[in-house]
Every structure is written in structure tokens, then in C-alpha cells.
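User: Please take a close look at one helix packing in this model. Then set out the overall build of the other chain.

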Amino acid sequence: MPNTVFSPSIESRPTYAGLAPRPGAPAIMVADEAGAAAVTHLATVDATAMAKAHVVLVGAPAETSDALAALSPAAVQTVPDLDTATPIVEQLLSQARMGTQLFLAGSEGLMGHISAIALASGMALEDIQMEHRGSIARRMQCVHCKGITDGVTTDPFTCSHCGLTLFVRDHFSRRLGAFQGVCVDAETPGDIPATEEIRP
Amino acid sequence: MTMQFNDETFRGDYTYRNSPEAIRRFPFPFDQDSYMYSVNIEQHPGGPQGSPFEHMFDVDEHYVAEMRDREITLAEDPLRCQSLPHMELAGWDLLELIMVSKARDYPDLFSLTRDGNDWHWVNKPMGIDKRFTFLDAATLPYGPMEYITRQTQGDFALLHERDGNLWMDAGMVTSQADWSLDFDVGMNFFEWHAPVPKARQMGVFDKALKFLLAVGQGQHYRRLNWTMTVNPRLDTSPENYHKWGPEKRTITPENVGHKQFLRVELQTFFRLPRSNALAFPIRCYLASLDDLVTQPKWGRRLHRVLRDIDPDLADYKGFAVNREVIVNYLSQYDDGEPTSPGIFPED
């Protein structure tokens, strides 16, 4: 399954160009189970891609991690979730040399969260490459209580913090690594449209 | 002549009122009987004496009450004011621009005495008398942008220029037309305007960005933008949409005249000297339909503009649900007579 093609949308909605080779560059790679396939594909088109790559694999089974280890990266580390990945990625970024590339592959939640950390640490946008694979679930910020709800697949959805019913906007903040959720029944409390699955 | 400041509120009991003088100087945004997006940029300051275009930063009868409202909003949500770390110098630039301008334009109200970096600022309407060291944030109770914008009407965005784009990297935003600084801070010009319908395809933003990037030191410009707001509420933020949203559905043919407000933004642009950032003040003016129809030209014209506007724009500007009631009300004030060009009322 290749890089997901999303419907055309507004300017702030991120698009993901896919992982492209940067031969010889040191790399930090962060992927989930679905995203691991994009890393594998990168390794097949650029034989030098893995030698200087530190791979952080988020919430993926042992066979996925074994498959990536077989590509002989500089290191491969498996962590249970994004919260656990965060301090590891922060440390890798703080130690990164000039020219280091950040490769992100998998869900929008993973790419949004990790790229926000990288931008905050001073990494340039052009040194971050992203490829969407797997679930189209979104990482949403509630504009009212500011809480993040991860893995949102329906519109509207319930904020996991304040409980308001929010509609899913395409407006996206790179700094927060999240889409914006706005109260759907603000003007007419209780008048909530039918729930639909999010489409790409 | 000393200015009188209103004791009024922009929430709760909504006691906000315009005096007859405030109505006559209202920055009515329509220079013809129809409306579509345009870049509509003019030099600033510059306009008839007494108009809100006369000075760099207009101070009017709502000043003290607006600052009190900002204080309430900030106490409830401090994220309405944010400045990314590299923007402090731009904050000092803005503080200087505002203090120098206000002390020059309103000597009865403000004074600034400078001896090198030792500055003495007096703001009489707000009862502030402060000595501080310019460029030393430790000598002010807030960062420089927050300090001066707690004393200046209007929202403020500070835009950092890099990579051929403008980045909204700092701001004070408590009287916005439904956008979130906390969400948009750090975005570039096209990203923070992304939710505006149609304008990108029309090339409006490409033209506007080109223009803004070319604004040089000492050049200042303005444009007017507008929307509609139910009740004279400054804080129409997305953050509090679930609190003010229900008010939008309280319009009836009986109350529309005093509850429905035309909300005009006087947007100005200033290139800042040390940081090379652009300051982008967005000053909000509110007038009820009843206020506006006291000027026959405005009553006729507003009726025609709102009657004929593109439905997508009515929706984006958030008054589609009340449009029919508004237009019906205004039709009483449109006798079909022609209107004169320009935004100012007829004498």
C-alpha cells in the first residue's frame, strides 16, 4: 500500500510527499507498524539509507522490528507508544549533526506529533520527510479546552477531555502537530449531526 | 479638549454604546453598494480630521472599557497572548512605535520621556506612570509586546519574515473574528488564511503577500475588513464559541436593530526597524444596525450589500442564519435613491 492520497483541501492541511533518498545523510527514522513498510521501501531504493539511521519503531510487533533490523540500521529501538517515543526522539534531535534527515512514516498523529517536536527543536522543515501509511485517524486539538484527542476516525467526535462534541476541521497546526476540533452544536446545543467516518 | 471614556461592558449585560460622534466617525467599510474581496490597501495614517484614520493608533471613547475587557479575557486564558522566543525584539519595536505615536498624537493623554534607554511612560486614562529600561524586559511587568498591547486597543499580530513568507510568530488576540492565535501561532501567511473561502483561488493572498513583503521601513498602510456580530462582544473567539454561539440565535425582527452589530476591522501594517518584522494591528469597531441607519447613506448601502452578497461569504462571516431578518430590517431604510461614492457619510 503506497503513500496515501488525500483529497485536495485547504492550504494548512498537510500533504505528505513520501520518503525520498538523501544518500549518505545521517537519519532519524520514526515509524509505526504501517509506516515500517515505507522505511523498507526507502532502503530498497537507496542502499546507503540505513547505515547512519537510528530507527524508532512505535507500537509495532516483534516481526516488524526484526524485519527492520535485518536492513542493518545503526540502531533500531521499539517503544510501546508516542509518549514513550517523545523523550527518545528529543534526545536524538539534541545530538543530531548538521544535515541530519528526519524520516517519519505512518499515521498523521505520529507524523504531526514528532514533526512538531522536531520543529520546536530548531530542525528545518525541508529536513523532515513524511509518508502517510495505514490508518487515516487524526490527532485533534480541542480549540476550547486545548486537550489533544488522538486516533480520531469520526466526524463529529467527543473531546476526550472536556466532553464537547467537536467537528473535524482540515485546519492544521504544525506547531501543535494537530488538526482543530470545534464545538459542532455551539449555536444550537444538543443539535448534533449524524456521525460519519472520516475519509482521506 | 479632553476625551470622555465610556463606562461600558462587552459581555454579560453588554452596556457598550456609541455616542453620536462615535457613530459619525465609524469606519464604514463599503465604498460602493456591493462587496467582494479585494486587497483595498491605502496609506496610513491619512484621512479627515476626527476620523479613525487620522492617527497611527486611534484612541476613542471605548479605550478604557476595551482594555478592561482584554484584562478579563487574558485572566481567563493567558494563551491569547503569545510570543515565540525570537520575537522579543519585535515586541520592543512595537512598544516604541506605539508609545512614540500616542505621545505625539494625544499629548493630553500620553507622554513619553526618553534619556538614552531610560524611558518614562505616562498613560493618564489608565493611570499608569512607569519608568523602565528600553530593551530590558526585566524592567517591565510583562514582555514588551504584552505590556504595550494591554494599553492599546485592537488585536496585534507580529509577523516574522523568512523564506519569502510571513510567519505569525507573536500576537495579542482578544477581540478576534473567530480565529485562534494559540492554534495559528507559528503559521505562514497562506496557512493561517487557509480557512477563508474563495480568496486563494482569486489570487487575493498571493497579491497581498507580495505587497506586504515589499513594505519598507517608514511605510505604513491600512485596509478595512468586516464581519457581523450579535451583541457588542469583542471576544468572539473559537475558544469560547460554545459560550457565545447561542447568542447568535437570539436575533428577532424586534431586536435586530440594537442586537446586530457590524464589526469592522481597521487593519494596519508597519515595518519594524530593528527586527524587520511586520506589525499587524487589527482594530475592532462595533456599530449596531440602529447606529448605522442614523446615516441615510449607510442604511441604504448596507441593505444593498447584505441583500446581494455571495451566500458563501455570508456563511463564512457567520451571519447567514440571520441574513433574512437583517436584510428585511434594513430594507425600511433603503428608499432606492443613489448613494455617493466613498465610505464617509453625507453631510
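Analyst: The crossing of α3(A) and α4(A) is right-handed. This is a predicted model. Helix α3 of chain A covers residues 82-95, and helix α4 of chain A covers residues 108-120. Their axes come within 10 Å. They cross at roughly 35°.

Next, the residues that make the contact. From α3(A) come Leu82(A), Thr86(A), Val89(A), Glu90(A) and Leu93(A). From α4(A) come Gly109(A), Leu110(A), His113(A), Ile114(A), Ile117(A) and Ala118(A). By class, seven residues of this contact are nonpolar, three are polar and one is charged.

Now chain B. Its secondary structure comes to 13 helices and 10 strands. The radius of gyration of chain B is 20 Å, close to the 20 Å that the globule rule gives for 347 residues, so chain B is as compact as a globular protein of that length. Along the principal axes, the C-alpha atoms of chain B fill a box of roughly 60 × 45 × 40 Å.

Of the 347 residues in chain B, 60% are buried, with under 20% relative accessible area as the cut-off. Take the contacts in chain B between residues at least 6 apart in sequence: 72% of them join residues at least 24 apart. Chain B exposes about 14,200 Å². Carbon and sulfur atoms supply 51% of that area.

Key: Residues are numbered from 1 along each chain as its sequence is written. Chains are lettered from A and ligands numbered from 1 in the order in which they are written. This is a predicted model: local features need pLDDT of at least 70, side-chain atom pairs count only at pLDDT 80 or more; totals for chains, interfaces and linings use all residues. Side-chain values use heavy atoms; hydrogens and water are left out. Axes are lines fitted to C-alpha atoms, for helices over the stretch in contact, and angles run from 0 to 180 degrees between N-to-C directions. Helices (H or I, at least four residues) and strands (E, at least two) are DSSP runs, numbered from the N terminus. A crossing is left-handed if the near helix is turned anticlockwise from the far one by less than a right angle, and right-handed if clockwise. Contact means heavy atoms within 4.5 Å. Ala, Val, Leu, Ile, Met, Phe, Trp, Tyr, Cys and Pro count as nonpolar, Asp, Glu, Lys and Arg as charged, and the others, Gly among them, as polar. The radius of gyration is taken over C-alpha atoms; the globule rule is 2.2 Å times the number of residues to the power 0.38. Buried means under 20% relative accessible area, exposed over 50%, partly exposed in between (1.4 Å probe, protein chains only). Accessible areas come from the Shrake-Rupley method with a 1.4 Å probe; for residues, only the protein chains shown count as cover.
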